[in-house]
Amino acid sequence: MKKRIVAILGLLVLYSCTNTYPVFCTKYPVSFSCELSKPPFNSLNTLGYFLTVRAKATHDGYIVRFPDGSQQEYLYTEIQNRVFQFGLAGIIIGCPYFAEGTAYAYDLGCPQCDRSSVRLNVSTDGIASCAVCKSEYNLNNDGISETGSSRPLYRYQTTRNGTYLMIHN
């Protein structure tokens, strides 16, 4: 009887030590919406294309960065100023190759470094890389780690209502 209890406890410990992560992140507040029929967000209808969005340092607007490295700045409306939140370091938004019609949103911060000052670089081939810890994440494959960290990117919920995309947790 004693051996059975030890065996059962051993199995419980073994199964409780696996690295499982929640599908959606609630650790950092995020609230953002955009219209997919208007630039620059209309490019998100292209499979495998990802943009990054983050707050301006002056907190009066946001910056959209394109995969080619160019960026555009936008001023908040009064409502956006009260509502928009960008998670840990900003948001990566795109439509992975395997998920036609479904937008995905990830945090722009590296989950391994877990600091707002460490932002990922997003390449045109859908790889997000961290210059600090050298981890790489595949945006076209649920944000899983290709090299480095074993933890996938923080992912946020997306809701599509007609041409509007809402990112939230």
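Q: What makes K56 and E73 a salt bridge?
A: Their closest N and O atoms are 3.4 Å apart, and a salt bridge asks for a side-chain nitrogen of Lys or Arg within 4 Å of a carboxyl oxygen of Asp or Glu, so the pair qualifies. Keep in mind that this is a predicted model, where local features need pLDDT of at least 70, side-chain atom pairs count only at pLDDT 80 or more, and totals for chains, interfaces and linings use all residues. Residues are numbered from 1 along each chain as its sequence is written, and side-chain values use heavy atoms, with hydrogens and water left out.

Q: Where in the chain do K56 and E73 sit?
A: K56 is in the loop between β2 (49–55) and β3 (61–65), while E73 belongs to strand β4 (residues 71–75). The two are 17 residues apart, and the pair links distant parts of the chain. Strands here are DSSP runs of E with at least two residues, helices are runs of H or I with at least four, and both are numbered from the N terminus.

Q: What makes K56, D60 and E73 one network?
A: Salt bridges that share partners join them. Besides E73, K56 also pairs with D60, with the closest N and O atoms 3.3 Å apart.

Q: Are K27 and D114 buried, partly exposed or exposed?
A: K27 comes out at 49% relative accessibility, so partly exposed is the call. D114 has a relative accessible area of 25%, so this residue is partly exposed as well.

Q: How many salt bridges and strands are there overall?
A: The structure holds five salt bridges, and the protein chain has 13 strands along with two helices. Of its 169 residues, 40% count as buried.

Conventions: Buried < 20%, exposed > 50% of the residue type's maximum accessible area, 1.4 Å probe, protein only.
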